[in-house]
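Please read them alongside the coordinates.

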Amino acid sequence: MISALLVDDEPLAREALADLLSIDPDISIIGQAGNAIEALQMINTLHPDVVFLDIQMPRISGLELVSMLNMDDAPYVVFVTAYDEYAIRAFEDNAFDYLLKPVEPPRLQKTLARLKKNYQQPPSLNPIASAELQLIPCYLQNRIRLIKIDDVEFAFSDLSGVHVMSKEGTSHTQLTLKTLESKTPLLHCHRQYLININAIREIQLLENGLAEIITQNGHKVPVSRRYLKMLKDRFGLQ
């Protein structure tokens, strides 16, 4: 089940979107907010998986709200706007998607389909029963580079796709994080990051239940609240 928070200063717009989302059995609406301040409190308290966020709101806009979020542990953000000129700005601000008002059901279904595909459930404490991939195919211009699992420090996703960090640098792969998680020993440490536990040099504990991994080569990898306990359990830590 994917938990959703709806943020819009127009009650009728919130209710209309809630009606559309309620049709999908995989979406659970856990709250609604009428302004950015209320929304920020609910995000920090309820930890929704996705926020459907209006852009134009009094005092603090949706874009400004996104800038206030801790991106190490932020939910997916789907901007909802009446103005399509905000689309490019939305993606520059790490939005997962955007919807134009009035929201059309077919367009919303496309967003939800992408959301379900990208949404990651927390893995079990036993990371992988049997690793099937020994090499990760990565693309570099007109070449395919095969990277050994042991050479991978971490993998991560962003708006441009999935990337693998190894001793040779950053490479792009067409494999999804879900596939890498299920077919290799890489572990989730963040919604957008997988880590090779053999590449961990230290784990720095931060405020608000977050942490940061320092790899053997000095790279910093975020650890979200959601996965920190699992990572501690993996090393027998309290």
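1. What covers the buried residues of helix 7 includes strand 11 (187–190), strand 13 (200–205), strand 14 (211–215) and strand 15 (220–223). The buried residues in question are Y227, L228, M230 and L231, from a helix that spans residues 225–234. Just after helix 7, G236 has a positive phi of about 70 degrees. Buried means under 20% relative accessible area, exposed over 50%, and partly exposed in between, with a 1.4 Å probe and protein chains only. Helices (H or I, at least four residues) and strands (E, at least two) are DSSP runs, numbered from the N terminus.

2. On provenance: this is a predicted model, in which local features need pLDDT of at least 70 and side-chain atom pairs count only at pLDDT 80 or more, while totals for chains, interfaces and linings use all residues. Residues are numbered from 1 along each chain as its sequence is written, and side-chain values use heavy atoms, with hydrogens and water left out.

3. The structure has 4 aromatic pairs. Rings of Phe, Tyr and Trp (its six-membered ring) pair if their centres lie within 6.5 Å; planes under 30 degrees apart count as stacked, over 60 as edge-to-face and the rest as tilted. One of the pairs is Y76 with F96: the centres are 5.0 Å apart and the planes at 55 degrees, so this pair is tilted. Y76 belongs to strand 4 (residues 76–81) and F96 to the loop between helix 4 (86–92) and strand 5 (97–100), so the pair ties together parts 20 residues apart in sequence. Y76 and F96 are both buried.

4. For F156 and Y193, the ring centres are 5.7 Å apart and the planes at 20 degrees, so the pair is stacked. F156 is in strand 8 (residues 152–158) and Y193 in strand 12 (residues 193–195), so parts that are 37 residues apart in sequence are tied together. F156 is buried at a relative accessible area of 15%.

5. L6, in strand 1 (residues 2–7), is buried at 1% relative accessibility. Leaving out residues up to four places away in sequence, L6 touches R14, L17, A18, L21, I29, G31, Q32, A33 and F52, where contact means heavy atoms within 4.5 Å.
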